[in-house]
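Welcome to my notebook. I opened this structure to look at its ligands, and here is what I looked up.

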Amino acid sequence: MISIKSEREINLMKQAGHINYLAHQYIEKFIVPGVTTLELDKKINEFVRRHGGICSCFGFEGFPRYTCISVNDEVVHGIPSKRKLKQGDIVKVDFTVRKDGYESDMTKTYFVGKVDDNIKKFVLDTEKSLYEGLKVIKEGAKIGDIGNAICTFAQKHGYGVVEELCGHGIGTNMHEDPEVPNYGEKGAGKTLKAGMTLAIEPMLTYGENGVYMKDNDWTIATDDRSYSAHFEHTVVVTKTGYELLTGE
Ligand code: MF3
Ligand code: CO
Ligand code: CO
């Protein structure tokens, strides 16, 4: 069942999402060579707390940290650790913020120092693919339209689309109906209605799109060790388009 949120609920999600957005802005300056992913995790949690939110990844299905921080070939669910970031790394910072019972979900891929130009373009293209997906959202559009837009753009540029992981509905729970794959057919799937709230999150690969689960039973990484990039926003569907909830 896909729930339709009231004006009041959308406002609460916007508050949660705004803290998420601010925490992303705040953390960027700390993403430099030598910092550990655990230090970033701690700083984000402290920031979110100070702003009245909770990093709800902590304890979710037993997840042991406040944020997911995935480096280079890691696609998602990297566990913050004593791993030091190095010049040239790309790092995906993904976390949910809960406030007054409502969730938001946002991811950005950051550069550590100077990054290879081709990888840089790949990361910027992944962000563009998120907006390609968002652009087709409005009441009456189909779930498949979103994935089709993302996948068409990604493949045009020669990137892989990870198929094992999807976007999702979001609200009082981090993950709600529907699943939002990053591939699909135009016109296929459920119909979007104003008031649905969705987390859209393309995960692209610079090489092949196959992935495996690391030994920690959380982190997903590319089979061919190629770099992966990930961007995510939480949005509400409107009559004419969408509104960002994880924004200013
Ligand atoms: N934020 C992730 C998503 O985009 C979910 C993380 S769940 C966790 O759906 F347990 F790993 F934190
Ligand atoms: Co997320
Ligand atoms: Co998500």
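This is a predicted model: local features need pLDDT of at least 70, side-chain atom pairs count only at pLDDT 80 or more; totals for chains, interfaces and linings use all residues.

Residues are numbered from 1 along each chain, chains are lettered from A and ligands numbered from 1 in written order, and side-chain values use heavy atoms, without hydrogens and water.

**Entry: ligand 1.** I looked up two further polar contacts. Glu201 places a polar side-chain atom 2.9 Å from an oxygen atom of ligand 1, and Asp94 has one 3.0 Å from a nitrogen atom of ligand 1. Taken alone, ligand 1 exposes 340 Å², and the protein buries 97% of that (Shrake-Rupley areas, 1.4 Å probe).

I then listed the surroundings: 13 residues surround ligand 1, each with a heavy atom within 4 Å. Cys57, Asp94, Asp105, His175 and Glu201 are the closest.

**Entry: the cobalt ion (ligand 3).** I found Asp105, His168, Glu201 and Glu232 coordinating this ion at 2.0 to 2.2 Å; donors are N, O and S atoms within 2.8 Å of the metal (3.2 Å for Na, K and Ca), and sites may look incomplete because water is not among the atoms. His168 donates through NE2. Along the sequence, the donor residues follow D-x62-H-x32-E-x30-E.

**Entry: the cobalt ion (ligand 2).** I noted Asp94, Asp105 and Glu232 as its coordinating residues, at 2.0 to 2.1 Å. Their sequence spacing is D-x10-D-x126-E.

**Last entry: the pair.** What bridges the cobalt ion (ligand 2) and the cobalt ion (ligand 3)? I found that Asp105 does, with the ions 3.2 Å apart.

Methods
A polar contact is a pair of N or O atoms within 3.5 Å; within protein, one must be able to donate a hydrogen and the other to accept it, and residues adjacent in sequence count only if both atoms are side-chain atoms.
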